[in-house]
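Dear colleague,

Please find the structure below, handed over for your own calculations. The findings follow directly after it.

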Amino acid sequence: MPTPPRRRQRRADGLSGALGRADLAAEFLRRNHTYRAEHAQMQQSIASGAVARNAAEAAFARRWGLSFRDGAG
């Protein structure tokens with residue numbers, strides 16, 4: 001059932017200023033149990049010395065489609 005135009009407009013206006021793409025993506029990942037489990041596993045592997053930080057983080061970013069601007073963080 002289509003959303004009436006007034007509701008569609010109100011919904012679009014309310015969200016456009018609240019969250020940007022990056023915010024929505026970060027919130028999705030924060031709530032994703034698989035992502036969180038894999039991130040914790042990656043952190044444990046790095047801490048134990050099983051893998052190098054750069055290699056583990058690069059592989060993790062590729063798997064999840066993450067990219068970062070230069071100077072971020």
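Glutamate 27 is partly exposed, at 27% relative accessibility (buried means under 20% relative accessible area, exposed over 50%, and partly exposed in between, with a 1.4 Å probe and protein chains only). This residue forms a salt bridge with arginine 30, in which the closest N and O atoms are 2.7 Å apart. A salt bridge here is a side-chain nitrogen of Lys or Arg within 4 Å of a carboxyl oxygen of Asp or Glu. Because arginine 30 and glutamate 27 are three residues apart in helix α2 (residues 21-31), about one helical turn separates them. Helices (H or I, at least four residues) and strands (E, at least two) are DSSP runs, numbered from the N terminus.

Before the remaining findings, please note the basis of the values. The model is predicted, with local features requiring pLDDT of at least 70 and side-chain atom pairs counted only at pLDDT 80 or more, while totals for chains, interfaces and linings use all residues. Residues are numbered from 1 along each chain as its sequence is written, and side-chain values use heavy atoms, with hydrogens and water left out.

Salt bridges

The search of the whole structure finds four salt bridges. Glu27 and Arg30 belong, together with Arg31, to a network of such bridges.

Another salt bridge joins the side chains of glutamate 38 and arginine 63, at 2.7 Å from N to O. This pair links distant parts of the chain, with glutamate 38 in helix α3 and arginine 63 in helix α4 (residues 53-64), 25 residues apart. Arginine 63 counts as exposed, at 56% relative accessibility.

Arginine 53 forms a salt bridge with glutamate 57, where the closest N and O atoms are 3.1 Å apart. Both residues lie in helix α4, four residues apart, which is about one turn of the helix. Arginine 53 is partly exposed at 44% relative accessibility, and glutamate 57 is partly exposed with a relative accessible area of 33%.

Surroundings of glutamate 38

Glutamate 38 lies in helix α3, which covers residues 33-48. Which residues does glutamate 38 contact, leaving aside its neighbours within four places in sequence? They are Phe60, Arg63 and Trp64, where contact means heavy atoms within 4.5 Å. The C-alpha atoms of glutamate 38 and phenylalanine 60 are separated by 8.2 Å, with the two residues 22 apart along the chain.

Aromatic pairs

Rings of Phe, Tyr and Trp (its six-membered ring) pair if their centres lie within 6.5 Å; planes under 30 degrees apart count as stacked, over 60 as edge-to-face and the rest as tilted. By this rule the count comes to three aromatic pairs. Tyrosine 35 and tryptophan 64 form an edge-to-face pair, at 5.1 Å centre to centre with 90 degrees between the planes. This pair also links distant parts of the chain: tyrosine 35 is in helix α3 and tryptophan 64 in helix α4, 29 residues apart. Tyrosine 35 is buried, with a relative accessible area of 16%, whereas tryptophan 64 is partly exposed at 21%.

Phenylalanine 60 and tryptophan 64 form a tilted pair, 6.5 Å centre to centre and with 45 degrees between the planes. Both lie in helix α4, four residues apart, or about one turn of the helix. Phenylalanine 60 counts as buried, at 9% relative accessibility. Ring pairs link Tyr35, Phe60 and Trp64 into a cluster.

Nonpolar core

A nonpolar core is a set of buried Ala, Val, Leu, Ile, Met, Phe, Trp, Tyr and Cys residues joined through side-chain atoms within 4.5 Å. The largest one has six residues, namely Leu29, Tyr35, Met42, Ile46, Ala56 and Phe60. Helices α3 and α4 each supply at least two residues of this core, and α3 gives the most, with three. Leaving aside its neighbours within four places in sequence, alanine 56 is in contact with Met42, Ile46 and Val51.

Largest pocket

The largest pocket holds about 410 Å³ of space. On a 1 Å grid over the protein atoms alone, a pocket is an open set of points where a 1.4 Å probe fits, with protein on both sides within 12 Å along at least five of seven lines; lining residues have an atom within 4 Å of a point. Grid points are joined across faces, edges and corners, and the volume is the space filled by probe spheres set on the points. Of the 14 residues that line this pocket, Ala22, Ala25, Leu66, Ser67 and Phe68 are the closest to its centre. Helix α2 gives the most to the lining, with six residues.

With kind regards
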